[in-house]
Amino acid sequence: MKRNFRLRPAQIIVICFFLMISVGTILLMLPISSRDPGSAPFETALFTATSAVCVTGLIIEDTAQYWTSFGQAVIILLIQVGGMGVVTVGVILMMFSGRKIGIRQRWIMQESIAAPQVGGIVRMTGMILFTTMLVELAGAVLMAFRFIPQYGIGRGIWFSLFHSISAFCNAGFDLMGVNGEPCVSMTSYSADPLVSITLVMLIFIGGMGFMTWKDIKEYKFKFARYSLQSKLILFTSLILIGGGFLFMFFYEFGLPQWEYMSTGERATAAIFQTVSPRTAGFNTVDLTNLSSGGQIITLLLMLIGGAPGSTAGGFKMTTFAVIILCIRATYQGRENASAFGRRISAQSMRNAAAIFTLYLLLFLSSGIFITCFDKVPLMSALFETASAIATVGLSLGITSGLSTISHIILICLMFFGRVGGLTLIYAVASGEGADGSRFPQEPVAIG
């Protein structure tokens, strides 16, 4: 008997990202995309396209020095599509073309943006588009006050738009290599609050998640009416940003290597280096000068990342929050974790444990492999793999010097980090439902 074969939403999402990366790779291999004679090598184009679509920011070649204006336009387009979500952009194009969006498209959209239900998903898509364009335009206007006087009208506007989109999409690509030194990120603006704070706000808004935007739009300051997911995201953000800022300001930037910085510069750098690792990839200080403690804190912030259904990566703040709540419930002798007067479902706890463990295993094993293949320090390799799987883009400067096999490892980590662990699991799962039977239960000693 012939069975109808239909792709599941998770499989469609994976395929869409793969196709977008393939198209980006082809475009970046065109002679018009790179400044060097001929076309860009396949490895460089594939790595850059994957990094752009997966809004990571890791690069083999400096974006401003290696790629032409056409190549940079391809990169920022890939970032915009990857940040909003390939499926989201597809639905938006269907809306503008006047085509009817059926229940299947709405179902895929729900999976793509981690929405709790299919109802209202088209309206939600319109809100995502409007908010994205509004915030990116506002960020570009603010940075134009700095970039236009510095680079002229044409280049200043382009720089403002490029960095606004890159920051909002949590990508971390920059064009600062135009000043002569490659891969410097935003270090020349460490003492500039206009650029630094604008980037921080863009990164934060992009990383909050589409569902959090929806709650803020509907309920304004009525925090009690927010969904549990939004409450966890905002509360966890406050804890991570507050704790990270205090560590960076009072300890890290109080060390001798940063004594040239004024109090204001220390404060600006501290908030930037706390927000950017989750998961934008810009840096305003040389990360190789960070202390071991500073690098570890940055690494942990990278792995946690932003909110589900956002432009950010990482194993997500909700996963981190649920893990912490489960630990608290265990020590309190309670069967279920809870927060804000709501009980966390058993499915959410299982998902959090699975994602956390999977990220940890991939991050550690990949770092060990890179250390073995390229003989780089383990801390540098782990920093690189954390940056890749969390789609951050921060680096201790070893990316371009890694071997092809290490680049492939990083490409796979970036793809996994952007598409999402659960999405990939559901995409490759058989799809067969449980038959209702259960094995006999037997206790196992833990700890």
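Me: Buried means under 20% relative accessible area, exposed means over 50%, and partly exposed lies in between (1.4 Å probe, protein chains only). What percentage of the 447 residues in the protein chain is buried?

Reply: This is a predicted model, in which local features need pLDDT of at least 70 and side-chain atom pairs count only at pLDDT 80 or more, while totals for chains, interfaces and linings use all residues. Residues are numbered from 1 along each chain as its sequence is written, and side-chain values use heavy atoms, without hydrogens or water. For the protein chain, the buried share comes to 53%.

Me: How many salt bridges are there?

Reply: A salt bridge needs a side-chain nitrogen of Lys or Arg within 4 Å of a carboxyl oxygen of Asp or Glu. Glu 218 and Lys 214 meet this way at 3.2 Å, N to O, and Arg 146 pairs with Asp 192 at 2.4 Å between the closest N and O atoms. By this rule the count is two.

Me: Which parts of the chain does the Arg 146 pair tie together?

Reply: Helices (H or I, at least four residues) are DSSP runs, as are strands (E, at least two), numbered from the N terminus. Arg 146 is partly exposed at 30% relative accessibility, whereas Asp 192 is buried at 11%. The two residues are 46 apart in sequence, so their bridge joins helix H7 to the loop between H8 (153-168) and H9.

Me: Which side chain of opposite charge is nearest to Glu 136?

Reply: Glu 136 sits in helix H7 (residues 121-151) and is buried yet has no salt bridge. Beyond four places in sequence, Glu 136 touches Gln 80, Ser 164, Ile 165, Phe 168 and Cys 169, a contact being heavy atoms within 4.5 Å. Lys and Arg count as positive, Asp and Glu as negative, with His and the chain ends not counted. The nearest side chain of opposite charge lies 11 Å away and belongs to Arg 418.

Me: How far apart are the C-alpha atoms of Ser 196 and Thr 284?

Reply: Ser 196 belongs to helix H9 (residues 193-207) and, at 2% relative accessibility, counts as buried. Leaving aside neighbours within four places, Ser 196 contacts Tyr 189, Ser 190, Thr 268, Phe 272 and Thr 284. Although Ser 196 and Thr 284 are 88 residues apart along the chain, their C-alpha atoms are separated by 8.0 Å.
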